[in-house]
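Student: I have a protein model open and I'd like to learn how to read it. Could you walk me through some features?

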Amino acid sequence: MTPATVLAAGIATGLAAERRSASVTHWGARIGWLVGLVLFVALVYWLMREGWKWRGTLQSDLPELPTRPSPASTLGGGGKPPLSGMPDGPGEARLTMSGRYHGSTTAGQWLDRIVAHGLGTRSRVELTLTEAGLDVERPGATDFFVPAAQLRGARLDKGIAGKVLTEGGLLVVTWAHGDKLIDSGFRSDHAAEHAAWVDTLNDMINDTEGAR
């Protein structure tokens, strides 16, 4: 083996060792970045969860949500007794809607999210409007019922609780609960239905206020 061959072999061996070393260093840096990213995401999630719990604590004075009038809402049906002033039955449906519930806020403050009693949980929703009020059924989340006397208004909007949609893409219903006015946002699977809901709800509210 000539000196030139020995030199070339040495250089090749050295380059191979450097490549292996660079490869190991590269993977070590990647793993470090990945661990750091996971820890950062975990921290953000924890802070969000703590903020959610803190907001729920601040809103602990919000009364329990009313439930729909039905046999299951009576003691005889094995459920809780109906709240004072609730109608005996829901009545015939005037409008129904399938869509999504996007959250509730203090009325007029679209970023002041309400999380107490599950109102902060976004979910699928089935809405039913009767003469008795608005029935909000949410699979996997807390159902609630807004008596007709507690409805205060309805409008088309584009955002609530940090969720922004197209102009008029959201049905916002304002209702009274305890000493608080609440905006709740809904989006139908068929957005063209929103206008009929706004008109019917506001007509119904005007009729209820006129009868007082």
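**Reading side chains, one pair at a time**

Tutor: Let's begin with a salt bridge: the side chains of Asp189 and Arg124 meet in one, at 2.8 Å from N to O. Keep in mind that this is a predicted model.

Student: What is the general idea behind a pair like that?

Tutor: Side chains of opposite charge can pair when their charged atoms come close. Here, Asp189 is in the loop between strand 10 (180-188) and helix 2 (194-210), while Arg124 is in strand 3, so the pair ties together parts that are 65 residues apart in sequence.

Student: How many salt bridges does a search of the whole structure find?

Tutor: Five. Another one joins the side chains of Arg94 and Glu131, at 3.1 Å from N to O. Arg94 belongs to strand 1 and Glu131 to the loop between strand 3 (123-130) and strand 4 (133-137), so this pair ties together parts 37 residues apart in sequence. Arg94 is partly exposed at 39% relative accessibility, whereas Glu131 is exposed, with a relative accessible area of 53%.

Student: Which residue does Arg155 form a salt bridge with?

Tutor: Asp183, and their closest N and O atoms are 3.2 Å apart. Arg155 sits in strand 6 (residues 151-157) and Asp183 in strand 10, so the pair ties together parts that are 28 residues apart in sequence. Look at how the two partners compare with the solvent cut-offs: Arg155 counts as partly exposed at 32% relative accessibility, but Asp183 counts as buried at 2%. Through shared partners, salt bridges join Arg155, Asp157 and Asp183 into one network.

Student: Okay, on to rings. How do I describe two of them side by side?

Tutor: A pair of aromatic rings is described by the distance of the centres and the angle of the planes. A search of the whole structure finds three aromatic pairs. Take Tyr101 and Phe144: their ring centres are 6.4 Å apart and their planes are at 75 degrees, so the pair is edge-to-face. This pair links distant parts of the chain, with Tyr101 in strand 1 (residues 93-106) and Phe144 in strand 5 (residues 144-147), 43 residues apart. Both Tyr101 and Phe144 are buried.

Student: Why is the pair of Phe144 and Trp175 called stacked?

Tutor: Check the angle. The planes of Phe144 and Trp175 are at 15 degrees, with the centres 5.5 Å apart, so this pair is stacked; planes under 30 degrees apart get that label. Phe144 in strand 5 and Trp175 in strand 9 (residues 170-177) are 31 residues apart, and Trp175 is buried, as is Phe144. Put together, Tyr101, Phe144, Trp175 and Phe186 form one aromatic cluster.

Student: What sits over the ring of Tyr101?

Tutor: The charged end of Arg138, 4.5 Å from the ring's centre. Tyr101 has a polar contact as well: its side chain meets the side chain of Ser104 at 2.6 Å. Ser104 is in strand 1 and counts as buried, at 0% relative accessibility. Leaving aside neighbours within four places in sequence, the residues in contact with Ser104 include Leu119, Ile182 and Asp183. That is the Asp183 from the salt bridge with Arg155.

Student: Last topic: cores. Which residues touch the most other members of the largest nonpolar core?

Tutor: Of its 27 residues, those are Leu119, Leu127, Leu134, Phe144, Leu151 and Trp197. Elements giving two or more residues to this core include strand 1, strand 5 and strand 10, but helix 2 gives the most, with five residues.

Conventions:
Residues are numbered from 1 along each chain as its sequence is written. This is a predicted model: local features need pLDDT of at least 70, side-chain atom pairs count only at pLDDT 80 or more; totals for chains, interfaces and linings use all residues. Side-chain values use heavy atoms; hydrogens and water are left out. Rings of Phe, Tyr and Trp (its six-membered ring) pair if their centres lie within 6.5 Å; planes under 30 degrees apart count as stacked, over 60 as edge-to-face and the rest as tilted. Helices (H or I, at least four residues) and strands (E, at least two) are DSSP runs, numbered from the N terminus. Buried means under 20% relative accessible area, exposed over 50%, partly exposed in between (1.4 Å probe, protein chains only). A charge sits over a ring if NZ of Lys or CZ of Arg is within 6 Å of the ring centre and within 35 degrees of the ring normal. A salt bridge is a side-chain nitrogen of Lys or Arg within 4 Å of a carboxyl oxygen of Asp or Glu. A polar contact is a pair of N or O atoms within 3.5 Å; within protein, one must be able to donate a hydrogen and the other to accept it, and residues adjacent in sequence count only if both atoms are side-chain atoms. Contact means heavy atoms within 4.5 Å. A nonpolar core is a set of buried Ala, Val, Leu, Ile, Met, Phe, Trp, Tyr and Cys residues joined through side-chain atoms within 4.5 Å.
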